[in-house]
Amino acid sequence: MSPSADTKLDALRSPEGAELLAVAGELAATDPARAALALRAHTSDPELASAALTQATLRLSAAAKFGEDAHAMFFTRDGLEQATRPEVAARRAARLKAAGATRVADLCCGIGTEAVALARAGLRVVAVDADAATAALATANAEALGLADLIEVRNADALDTDLTGCDAVFADPARRDAAGRRVFDPAAYAPPLNALLARAEGVPYGVIKVGPGIPHEAVPAGAEAEWVSVDGDVVEAALWLGRTVEVPRRATVIRRGEVHELTGAGDRPAPLGETGRYLYEPDGAVLRTYLVSELADLLGARLADPTIAYLHADDLVATPFARTFEVEETMPFSVKRLRSALRERGVGRLTVKKRGVDIDPDALRRELLGKGKAKGAAEATVVVTRIEGQRTAFICSPV
Ligand SMILES: C[S@@+](CC[C@H](N)C(=O)[O-])C[C@H]1O[C@@H](n2cnc3c(N)ncnc32)[C@H](O)[C@@H]1O
């Protein structure tokens with residue numbers, strides 16, 4: 001079977017296929033059964049009609065992630081799901097280029113998202129994927145985006161493809177099992193992390209994308225571990241190797257398209273002290289990198305409990321690295337006391353957050369607002385946590 005036989009990729013890339021795709025694109029947003037029927041009027045090949053409709057539907061769902069590029073690219077459901085967010089790939093590519101890399105082996109290239117970002121950053125790319133149909137998609141995407149001159153796609157095994165001429169290795173191993181479930185153990189990645197680290201050895205520049213759940217013990221000595229969050233969600237982690245390494249740990253926080261970086265060793269405890277007027281909830285990327293004490297320094301803040309990562313301070317410092325709350329009232333945790341305090345404040349819209357205590361925030365929220373009772377218009381956040389063994393509640397408002 002040719003690489004693209006089962007996706008009809010070659011046919012869709014022909015001029016007639018492009019026309020069919022354009023029609024499918026208009027129909028894809030309508031009722032699927034009607035769209036399939038309407039497409040049959042444009043081709044005598046029912047399988048091609050179905051492939052065009054699938055592709056057009058995938059392009060629609062890809063638009064949120066890939067923007068304009070989605071309308072030119074080719075996807076599979078798995079390829080789209082596993083693709084790096086283009087803004088994260090672009091940042092990584094720019095960093096590799098700035099470090100001095102010129103020709104990158106993109107081992108495990110998938111549909112080619114990272115290869116495209118690397119090429120757009122001005123690097124030459126050898127994009128490798130062991131799956132023939134996936135490699136064919138990477139080829140189609142490099143061509144569709146006008147980058148074929150910079151990207152050489154190989155259908156080969158990342159572990160034995162020839163790296164001659166490459167001064168950089170990027171790898172994004174598959175982190176799902178045969179049933180599509182996420183795998184967390186780096187030894188169970190395909191290919192396994194250790195095998196990829198071995199491939200990167202001796203290559204001047206390297207970076208390997210890993211799952212955000214990777215334990216710090218699995219980070220090789222001398223590597224830089226970076227965790228990345230986008231609009232509050234930790235989306236990935238990466239191990240920077242060789243000449244790319246700048247610091248032991250980096251938290252990259254992307255908010256509304258703006259990139260903020262916090263760096264440090266990630267090995268010191270944050271200062272301890274009293275609660276204060278402001279409570280900071282560190283971003284997930286800061287927590288995963290163990291950079292809470294570096295953030296505490298930035299904010300002039302401290303932990304109220306050595307085991308709970310909420311930071312407290314008397315003065316307000318604007319930061320992209322944490323959500324900030326102004327504390328209006330602090331009390332020992334009691335549903336009765338909280339309920340009456342919230343009623344007094346006329347709170348009708350409530351968010352409950354917790355850390356270090358065994359409560360169900362949704363259930364507590366319902367309990368605090370009460371059922372069917374008249375509710376006020378005010379909004380509040382209740383943070384429940386543990387300080388020196390005591391359950392403590394803060395009534396706050398987001399800053
Ligand atoms: C997480 S995806 C890559 C996604 C890609 N970086 C992107 O952003 O579009 C992992 C890919 O690794 C490929 N793969 C798994 N084992 C491989 C191996 N030994 N050699 C080459 N590719 C492999 C899979 O076929 C899959 O396409």
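Does Arg 343 count as buried or exposed, and at what relative accessibility? In this predicted model, local features require pLDDT of at least 70 and side-chain atom pairs pLDDT 80 or more, whereas totals for chains, interfaces and linings use all residues. Residues are numbered from 1 along each chain as its sequence is written, and side-chain values use heavy atoms, with hydrogens and water left out. Arg 343 counts as exposed, at 55% relative accessibility; the classes are buried (under 20% relative accessible area), exposed (over 50%) and partly exposed (in between), for a 1.4 Å probe and protein chains only. Arg 343 belongs to helix H12, residues 335-344, where helices are DSSP runs of H or I with at least four residues, strands are runs of E with at least two, and both are numbered from the N terminus. Between the C-alpha atoms of Arg 343 and Lys 375, which lie 32 residues apart along the chain, the separation is 8.0 Å.

The domain assignment of the protein chain comprises domain 1 (9-73), domain 2 (80-246) and domain 3 (278-398), with bounds taken from an automatic or database domain assignment. The centres of domain 1 and domain 3, taken over C-alpha atoms, are separated by 48 Å.

In soluble globular proteins, nonpolar side chains tend to be buried together. A nonpolar core is here a set of buried Ala, Val, Leu, Ile, Met, Phe, Trp, Tyr and Cys residues joined through side-chain atoms within 4.5 Å. The largest such core contains 53 residues, of which Leu 39, Phe 66, Phe 75, Leu 96 and Ile 151 touch the most other members. Helix H4 (residues 46-66) gives the most to this core, nine residues in total. Domain 1 (9-73) and domain 2 (80-246) each supply at least three residues to this core. Contacts, defined by heavy atoms within 4.5 Å, link Phe 75 to residues including Gln 55, Leu 58, Phe 66, Ile 111 and Leu 137, not counting residues up to four places away in sequence. Another core, of 47 residues, lies apart from the largest one and has Ala 171, Leu 197, Ala 200 and Ala 251 among its members.

Helix H7 is largely enclosed by the rest of the structure, because seven of its eight residues are buried. These buried residues are Thr 113, Glu 114, Ala 115, Val 116, Ala 117, Leu 118 and Ala 119. Ala 121 is located in the loop between helix H7 (113-120) and strand S2 (124-129) and is partly exposed, with a relative accessible area of 24%. Contacts of Ala 121 comprise Ala 93, Ala 94 and Lys 97, not counting residues up to four places away in sequence. Gly 122, which follows H7, has a positive phi near 100 degrees.

The ligand has 22 residues around it, with Thr 84, Thr 113, Asp 129, Ala 158 and Asp 172 coming nearest; a residue is included if one of its heavy atoms lies within 4 Å. Asp 129 places a polar side-chain atom 2.7 Å from an oxygen atom of the ligand. A backbone N or O atom of Ala 130 lies 3.1 Å from a ligand nitrogen atom, and a polar backbone atom of Ala 190 is 3.5 Å from a nitrogen atom of the ligand. Taken alone, the ligand exposes 610 Å², of which the protein buries 89%, with areas from the Shrake-Rupley method with a 1.4 Å probe; for residues, only the protein chains shown count as cover.

Notes
A polar contact is a pair of N or O atoms within 3.5 Å; within protein, one must be able to donate a hydrogen and the other to accept it, and residues adjacent in sequence count only if both atoms are side-chain atoms.
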